[in-house]
Amino acid sequence: MIPEAHDPSVGAAALRQHPQSISDLFVSFSILALQGFGGVLAIVQRELVERKKWLTQEEFLEDWAVAQILPGPNVVNLSLMIGDRYFGIRGALAALAGMLVFPLVIVLILAAVFGSVANTPAVQGALRGMGAVAAGLVAATGIKLIAALKHNPMGMSVCWAFAVLTFVAVALLRWPLAWVLLGFGGLACAWAYRQLGRIDIAGSATP
């Protein structure tokens with residue numbers, strides 16, 4: 001059995017930082033939210049993993065997957081999970097407030113301004129350009145997170161297979177997202193459970 005000291009994920013977790021206070025949570029998520037116009041996944045990954053080191057790449061991938069399938073905006077779900085993890089219900093509310101307060105004010109102001117210029121060709125062209133940039137940010141972050149799959153108990157090849165099947169089902173075949181999540185998500189959970197069970201058995205059998 002390989003000692004935990006040689007496990008890269010264990011080493012990364014040991015270096016993980018954490019929010020210093022509820023105020024730190026609120027300010028951090030406020031700053032994050034104010035940067036997250038369109039390409040929120042890229043911003044969240046960079047802030048929480050690379051800059052603040054509140055999560056490792058593997059932990060971010062797992063938490064983001066949970067936040068993605070829960071009802072509501074995924075980044076809001078993630079903020080609630082992180083806030084609750086460190087400071088309970090108060091932390092969850094502080095992180096949620098940080099995600100919503102300042103963006104809500106800005107969006108209301110922009111909505112009032114946008115109503116008068118929405119049909120302007122220049123504004124429509126700018127929005128299409130921002131959409132392309134946002135898609136590029138999300139794609140780049142997805143590529144960056146691929147490395148974390150090396151430590152996934154399902155195995156890299158199985159992860160790639162599920163990723164390709166999901167893309168084909170949603171993007172090409174236009175299957176309803178709920179059915180894709182229930183179908184492929186259920187299969188992936190069952191396979192991961194099976195693999196984790198085999199790892200536990202192998203670990204217990206090793207002296």
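Modeller: Let us begin with a single residue. R174 has a relative accessible area of 67%, and because exposed means over 50%, R174 is exposed. Please keep in mind that this is a predicted model.

Colleague: Where does R174 lie?

Modeller: R174 is found in the loop between α7 and α8 (177-205).

Colleague: How many helices and how many strands does the protein chain contain?

Modeller: The protein chain has eight helices and zero strands. In sequence order the pattern reads α-α-α-α-α-α-α-α. Of the 207 residues in the protein chain, 26% are buried. As for contacts between residues at least 6 apart in sequence, 57% of them join residues at least 24 apart.

Colleague: Which residues make the contact between α2 and α3?

Modeller: On the α2 side they are F29, L32 and Q35, and on the α3 side I43, V44, R46, E47 and L48. By class, the residues of the contact of α2 with α3 comprise five nonpolar, one polar and two charged.

Colleague: At what angle do α4 and α5 pack, and how far apart are their axes?

Modeller: Helix α4 (residues 57-69) packs against helix α5 (residues 74-117) at an angle of about 120 degrees, and the axes are 8 Å apart. That angle makes α4 oblique to α5. The crossing of α4 and α5 is right-handed. From α4, the residues F60, D63, W64, V66, A67 and Q68 meet N74, V75, N77, L78, M81 and R85 of α5. The contact of α4 with α5 divides into seven nonpolar, three polar and two charged residues.

Colleague: How does one describe aromatic rings that face one another?

Modeller: A pair of aromatic rings is described by the distance of the centres and the angle of the planes. The structure holds three aromatic pairs. In one of them, the rings of F26 and F102 have centres 6.3 Å apart and planes at 50 degrees, so this pair is tilted. F26 sits in helix α2 (residues 22-35) and F102 in helix α5, and the pair links distant parts of the chain, 76 residues apart. F26 is partly exposed at 28% relative accessibility, and F102 is partly exposed with a relative accessible area of 39%.

Colleague: What are the centre distance and plane angle for F29 and W54?

Modeller: The aromatic pair of F29 and W54 is tilted, at 6.2 Å centre to centre with 50 degrees between the planes. F29 lies in helix α2 and W54 in the loop between α3 (40-51) and α4, so the pair ties together parts that are 25 residues apart in sequence.

Colleague: Are F29 and W54 buried or exposed?

Modeller: F29 is buried at 2% relative accessibility, and W54 is buried with a relative accessible area of 3%. S28, placed in helix α2, is buried at 5% relative accessibility. Not counting residues up to four places away in sequence, S28 touches K52 and W54.

Colleague: Where is L149, and which residues does it contact?

Modeller: L149 is in the loop between α6 (121-145) and α7 (156-172). Its relative accessibility is 18%, so L149 counts as buried. Leaving aside neighbours within four places in sequence, L149 contacts L61, M156 and C159. The C-alpha atoms of L149 and W160 are separated by 9.1 Å, and these two residues are eleven residues apart along the chain.

Definitions and conventions: Residues are numbered from 1 along each chain as its sequence is written. This is a predicted model: local features need pLDDT of at least 70, side-chain atom pairs count only at pLDDT 80 or more; totals for chains, interfaces and linings use all residues. Side-chain values use heavy atoms; hydrogens and water are left out. Axes are lines fitted to C-alpha atoms, for helices over the stretch in contact, and angles run from 0 to 180 degrees between N-to-C directions. Helices (H or I, at least four residues) and strands (E, at least two) are DSSP runs, numbered from the N terminus. Angles under 35 degrees count as roughly parallel, over 145 as roughly antiparallel, 65 to 115 as roughly perpendicular and the rest as oblique. A crossing is left-handed if the near helix is turned anticlockwise from the far one by less than a right angle, and right-handed if clockwise. Contact means heavy atoms within 4.5 Å. Ala, Val, Leu, Ile, Met, Phe, Trp, Tyr, Cys and Pro count as nonpolar, Asp, Glu, Lys and Arg as charged, and the others, Gly among them, as polar. Buried means under 20% relative accessible area, exposed over 50%, partly exposed in between (1.4 Å probe, protein chains only). Rings of Phe, Tyr and Trp (its six-membered ring) pair if their centres lie within 6.5 Å; planes under 30 degrees apart count as stacked, over 60 as edge-to-face and the rest as tilted.
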